[in-house]
Amino acid sequence: MVIDQQHAGAMHSEMPVATPTHDPLPRRFADFATLGEALDYAASGDRGFNFHDARGAIKRPYRYAQLRTDALDAALRLAAMGIAPGDRVALIAETSAEFAALFFGTVYAGAWPVPLPLPTSFGGRDAYIDQIGVQLESSDPVLLIYPPELAEMAGAAADARGVRGIDWATLATHPVVAAPLPEAKPDDICYLQYSSGSTRFPHGVAVTHAALLNNLAAHGHGMQLIETDRCVSWLPWYHDMGLVGCMLSPMANQVSVDYLKTEDFARRPLAWLDLITRNNGTTVSYSPTFGYDICARRMSSQTRASDRFDLSRWRLAGNGADMIRPDVMQSFVDAFDSAGFKATAFLPSYGLAEATLAVSIMPPGEGIRVELVEETQLSGAAAKQGRPQRYRAIVNCGKPVRDMAVEVREEDGTPLPDRAIGKIWCKGPSIMAGYFRDPEATAACMVDGWLDTGDMGYISDGYVYIVGRAKDMIIVNGKNHWPQDIEWAVEQLPGFKAGDIAAFAITTPGGEETPAVLVQCRSSDERERVRLREEIRERVRSVTGMNCVIELIPPRTLPRTSSGKLSRAKARNLYLSGDIKPYAIAA
């Protein structure tokens, strides 16, 4: 059980005690001019971060007061090393006190922290070094700081790009040299954020202090935070939802947080729910759809969830970072209803790094609400008389957050009326300053302060509905096909699950555009593979009306973004380059 500090006296002196949920410090919804000012205020209270092991046992409580002290020491060490305001400092974003102190320390030093990803299971050592190297080249940092255990890979990436590298244990041995630190201004850049899909052509999103604090305040108001709220998170800190939503926002809104490392969640997903169960505060916790999906699946062969979990205090179960699946949300409710989980706790939202994070949030208590949209409205094709109608459930992603305006527009920029599908544009104080050193890319998506999100959707009665990514759309013979419709159709077949399928457009040897569908197949039987391919082909034909290229590939082949989402663009590139090798199946 997580225990408030005031109740710690009776506990064993060596047992770490988590930071409290309750705090006499008056709550301020991120109404600060800079991130440093927000930490200065939070440090005057008792709340903070709490780092847990793979089993959910607390390893290290980390009060915001201690974070501030360590961050100021880090800032002085960096300044003594010659780090100047405006320099970029790349940081491998491990979920740890060390990263948190270095991130805030870089900010206090007037430099720009650049969170970079940890290695994933896909691609191995060389792929990770290449990925880090590309982002180092883009951000042009003067220093790369990394965990000691990643010294070999991170050091190789730094050496290859001519960047100085140092592990944070070594950096901590450098003396703290007293010196004046620069005073940040609201319009100064606070940090660079790379989007989850950043690979060959990364875009560093430059976020000012003013933009960040505006968005963090919007979180506090939009979620209607209350005194008993406490956050639980396993999201990675190199992704905007993990960094901004589950690290910077709780601090700036003075909320205690309990963390599982992302890799520990991946190995034991239900440890996330165990931690929520042991939590002594009303809980706020976010996840992409796949996190809810994997937990519901892990419970499918077990007894009642109430035998293990108590989710009755989970007030805000946030959804975001990928397309929200109503069927997955229903499966989660079905699996954990006996444990006290309430469907009204679901909090759909929509956002992107270019808007700092949040664009829209569902008002608390409204849960998952969907609208059924007919296929012809989604495809842009004319409805054919006598053809059976097919519908897709589109999830309501809430209302625009405070100070954010949202419009839906035609390709030529003409605003569209309610319920008309088009490009989502948004405007507000939290929109990025621009892409770092890429004025052409910035100009391509920003016009008169408005941001072209690249997403398609519509507005209905003031609520935002997201249909899909414009760049993912498959257009064949003038008709639009949404890849998730194809993927979801295949997922309904026995033996497949979310993340097993990637659909995208390719050009055939004859020069025609056609959808290609990659499906991870677990069967080693040749005849079964032939049967599965034909079953998949028929299912895809029923959705698209076309004969598509169907390829069965080995499990764990499809690439993921840093937030765990399927990367269709990377899957397409790997397939076309021959790096994804389909099973050879007789015609």
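Modeller: Start with Leu273. Leaving out residues up to four places away in sequence, Leu273 touches Cys295, Phe309, Leu311, Trp314, Phe332 and Phe336. A contact here means heavy atoms within 4.5 Å.

Some ground rules. This is a predicted model, where local features need pLDDT of at least 70 and side-chain atom pairs count only at pLDDT 80 or more, while totals for chains, interfaces and linings use all residues. Residues are numbered from 1 along each chain as its sequence is written, and side-chain values use heavy atoms, with hydrogens and water left out.

Leu273 and Phe336 are among the residues with the most contacts inside the largest nonpolar core, which has 155 residues. Phe49, Phe103, Leu248 and Trp272 are also in that group. Helix 3 (residues 97-108) gives this core its largest share, 9 residues. Another core, of 19 residues, lies apart from it, and includes Ile474, Ala505, Ile536 and Cys548. A nonpolar core is a set of buried Ala, Val, Leu, Ile, Met, Phe, Trp, Tyr and Cys residues joined through side-chain atoms within 4.5 Å. Buried means under 20% relative accessible area, exposed over 50%, and partly exposed in between (1.4 Å probe, protein chains only).

Helices (H or I, at least four residues) and strands (E, at least two) are DSSP runs, numbered from the N terminus. Helix 11 spans residues 289-299. Its buried residues are Thr289, Gly291, Tyr292, Asp293, Cys295, Ala296 and Met299. The cover over them includes helix 9 (262-267), helix 10 (270-278) and helix 12 (326-336). Strand 11 (282-287), strand 12 (314-319) and strand 13 (346-351) belong to that cover as well.

Take helix 12 next. Its axis and that of helix 11 come within 9 Å and cross at roughly 40 degrees. Helix 11 is therefore oblique to helix 12. Angles under 35 degrees count as roughly parallel, over 145 as roughly antiparallel, 65 to 115 as roughly perpendicular and the rest as oblique. Axes are lines fitted to C-alpha atoms, for helices over the stretch in contact, with angles from 0 to 180 degrees between N-to-C directions. The crossing is left-handed: the near helix is turned anticlockwise from the far one by less than a right angle.

Which residues of helix 11 and helix 12 meet? On the helix 11 side they are Thr289, Tyr292, Asp293, Cys295, Ala296 and Met299. On the helix 12 side they are Val328, Met329, Ser331, Phe332, Ala335 and Phe336.

Helix 10 also holds Leu275. Leu275 counts as buried because its relative accessibility is 1%. Neighbours within four places aside, Leu275 is in contact with His52, Gly56, Val232, Asp258 and Leu260. Tyr259 is 16 residues from Leu275 in sequence, and 8.9 Å away in space, C-alpha to C-alpha.

Past strand 13 comes a backbone detail. Thr356 lies in the loop between strand 13 and strand 14 (358-361). Most residues other than glycine have a negative phi. Thr356 has a positive phi of about 75 degrees, although it is not a glycine. With a relative accessibility of 1%, Thr356 is buried.

Finally, the whole protein. It has 17 helices and 28 strands. Of its 587 residues, 57% are buried. Among contacts between residues at least 6 apart in sequence, 70% join residues at least 24 apart.
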